[in-house]
Amino acid sequence: MSQQIDTIENKALFETETLPVLPLRGLVAFPEMLIHFDVGRLISMKALEQSMKDNQRLFLVAQRDIRTDTPTADDLYTFGTICTVKQILKLPGDNIRVLVEGTCRAGVEDFFMQDDCMFANVFRVNTEPGRTSQRRKQALVRTLQDHFEEYASLTSHLSNDVLLSVLDGGEPGYLADYVAQNTPIEYETKQELLEELHDVRRLEKVIRVIGNEIEILRIETDLQEKLKEQVDKNQREYYLREQMKVIQTELGEQDIGDEAEEYREKIRALKLSEECETKLLKEAARLEKMQPMSAESGVIRTYLDTCLELPWNTTTKEQFNLKQARKILDRDHYGLGRVKDRIMEFLAVKSLAPQLKGQVLCLVGPPGVGKTSIVRSVAEAMNRKYARMSLGGVRDEADIRGHRKTYIGAMPGRIMTALTQAGSKNCLILMDEIDKMGTDSRGDPAAALLEVLDIEQNNAFRDHFIELPFDLSDVLFITTANSLDTIPRPLLDRMEVIEISSYTEQEKAEIAMRHLLPKQLEKHGLKKANLSLTRETMVYLIDAYTKEAGVRRLEQQIAKVCRKAARIIADDQLDNPQKTTRKRVSVTRSNMEKFLGTPRYKQDNVSKKDEIGVVNGLAWTSVGGEMLQVEVNVVPGTGKLEITGNLGKVMSESAKAAVTYVRSSAKELGIDPMFYKDNDIHIHFPEAAIPKDGPSAGVTMTTAIASALTGIPVRHDVAMTGEVTLRGRVMPIGGLKEKTMAAYRAGMKTVIVPAENEPDLQDIDPIVRENVEFVTAETMKTVLDTALRRNAQESAEVSQLLPDIAAAAPAQANRQGELC
């Protein structure tokens, strides 16, 4: 309205013209829009006659009160539309139907009467597009289109042409006028829209108007539907009830009273606690008072059925024969000694103390090492029912504790569902992939598991759906995970963690020969006599075609060999139908490519001669141990240290520590103490496409730098691992079992390990201990003495100098620790 006032105040800027006035009752004309209406009043007839004499133009303006038959200037709005008469059609009687097209908005300067016709001095008014961004305009247009489409679906007064025109879009001002003209809204609202000169604000007002109309139409629709449903409702229900009685009588079905009594008998037979029995009997009584087909009666039936299916007092007799249990565990799985020992310990204690409650174990290890499958064997060995629940991707707390039964489609949580599935109160429940749980706005499932996995609190676990305390203390929970990093600390504290490392080459070969190969032979319809595959061939298959921590990929490759063999045997039978015995297929290292194609992996590329600045390191990966060579070159330069090979931050820092140690021991090593000023040192780890990180390559880099600076070659049959400090101490590392297996596969004769890792040598594969000599090192002196090919005189000189540094290193480290 402020824009209208400003425009009228500045009307002198516009050209004024005199036009006949045709007052409209309940109608508003908009520019660029066609509108037709019937004319019957004398003042309107005179205006039409005058317009036909004056280029068919006239001024349409709305009356303030539609009940006024002879309007005066005070009865009319001062803002209207200049229009052009397009068509005049005489109707029976004295009425005339007129079709006009709006030209532009116009304001009124004054009204006056002449020859029974009302005239007005009017001035054109232009609209303003505004400074709104094009994106906001597009957003407003789309919003109007969505609202108008919904409005059209709720009303039957709009034609498809109008809807299509709106969906076709256009400028905001035109689209607002078009919708206002073709929508049956009050004329006062249309007049407000006509007087709004800002295109964007007019479009926003139209959106609000259409939104209000949509709400009104929705309410009208709901009222009509409710009114329709209410008609004869009581009489309809009466007929339906009578029909139900007749149908139940004909089918011989029991009525709801008999059903409730049956529930009561089942509840009393369970011999539950007083709290549980009272609650369930109360629900049965509620069911008896309800209509059989009501929605609430269905909810109560579901609730009672779910509660009665739970194993409140059902248990299985456990297996306490330790020899038989161990036999079952060894029958299905090779290795996994820690898991088997822990289960045997549990059974032993349970046999001596039957009151021992359930335990919570967590098996952590890489994929494919048998975490999930061994749990089934554990359940069989203990004679417990088995149920598995996968927690991977679970993000809702209600998945664990259930939904409250007031919600439609509510159901118990996974714990109660697993107990029902197992059918035993002392079952074994496997919670698979517990490290893959997430969290969102619906709650944290890991927090819900805190009570479930706490053996001191889970004797009265309440599911939101069941709403009754259930004793979980007899359940043996075993969880599996690939990593402990994503498991919340409070939850991890409730579990006893058993780490399962990746399989060595020998363990994989044993598993393949004992379990995987017989399984695949049976699966593919082959017998042992039909396929010859020796252990040596299996080892080659593992090395050349698989690279994993577990045996999943290995089983796939064995299955592929069996498929190829089956095809060869089938083709042979077709070619020789008279043959009574099947052909024997032999798979060897030489013909392996015919079955599996070109080998995908090659043996560790280790040098077979002693070289300067080249050292064999050992690395741990998720698929086992690997050889990791380090190459160091010293070239003339300005003292730069170049480290390449896609190394992480920790590994780069280890390289700097190695250089600093060599600088501090330059005199003892027989090199120039100022070597770092006139030389550049380049440390490189081959296979740069593979990211590498960790501190265990410290001794390897130190040895390589010392060899490159002294010119003394490094033994090619020595591998090493360990973290090095600035004082030359060798710190412990992890993954020793996998690393030593990699050294054995590569043909290493000697492996240098940190002295603090000496107890871990007991877990190393026996075949590795038999064929590899292990040297435990506390300081770099031992490492250099073992790895470098010195002559006798050099060895004696270095041995006299390095002990002083090695002895001083622990004292220096202790003082450093005190400062920290």
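**Close-up 1. Strands β7 and β12 pair in the parallel sense.** In this predicted model, β7 covers residues 360-364 and β12 covers residues 476-481. The pairing runs over 5 bridges. V364 lies opposite A481 of β12.

**Close-up 2. An open sheet of 5 strands holds this pair.** The strand order is β8-β9-β12-β7-β13, and the pairing is parallel. The edges belong to β8 (386-390) and β13 (496-499). Each edge strand has a single partner, so one side of each lacks a neighbour in the sheet. From one strand to the next, the twist averages 20°. Strands of a sheet pair through backbone hydrogen bonds, either parallel or antiparallel.

**Close-up 3. Helix α13 packs on the sheet.** The helix spans residues 337-352. It touches β7 and β13. The direction of α13 makes about 145° with that of β13.

**Close-up 4. Helix α14 also packs on the sheet.** Residues 371-382 form this helix. Its strand contacts are β7, β8, β9 (428-432) and β12. The directions of α14 and β9 make an angle of about 175°.

**Close-up 5. N383 has a positive phi without being a glycine.** Its phi is near 60°. N383 sits in the loop between α14 and β8.

**Close-up 6. E433 is another residue with a positive phi that is not a glycine.** Here phi is about 55°. E433 belongs to the loop between β9 and α17 (445-452). Relative accessibility is 25%, which makes E433 partly exposed.

**Close-up 7. Helices α20 and α21 cross at roughly 115°.** Helix α20 takes in residues 535-545, and helix α21 takes in residues 552-575. Their axes come within 11 Å. The crossing of α20 past α21 is right-handed. Two packed helices are described by the angle between their axes and the distance between the axes.

**Close-up 8. Side by side, the contact residues of α20 and α21.** From α20, the contact takes M538, L541, I542 and Y545. From α21, it takes R553, L554, Q557, I558 and V561. How do the contact residues divide into nonpolar, polar and charged? They comprise 7 nonpolar, 1 polar and 1 charged.

Key
Residues numbered from 1 in each chain as written. Predicted model: local features only at pLDDT ≥ 70, side-chain atom pairs only at ≥ 80, totals over all residues. Heavy atoms only, no water. Pairing = 2+ DSSP bridges. Helix = DSSP H or I, 4+ residues; strand = E, 2+ residues; numbered from the N terminus. Axes fitted to C-alpha atoms, helices over the stretch in contact; angles between N-to-C directions. Contact = heavy atoms within 4.5 Å. Buried < 20%, exposed > 50% of the residue type's maximum accessible area, 1.4 Å probe, protein only. Left-handed = near helix turned anticlockwise from the far one by under 90°. Nonpolar A, V, L, I, M, F, W, Y, C, P; charged D, E, K, R; others polar.
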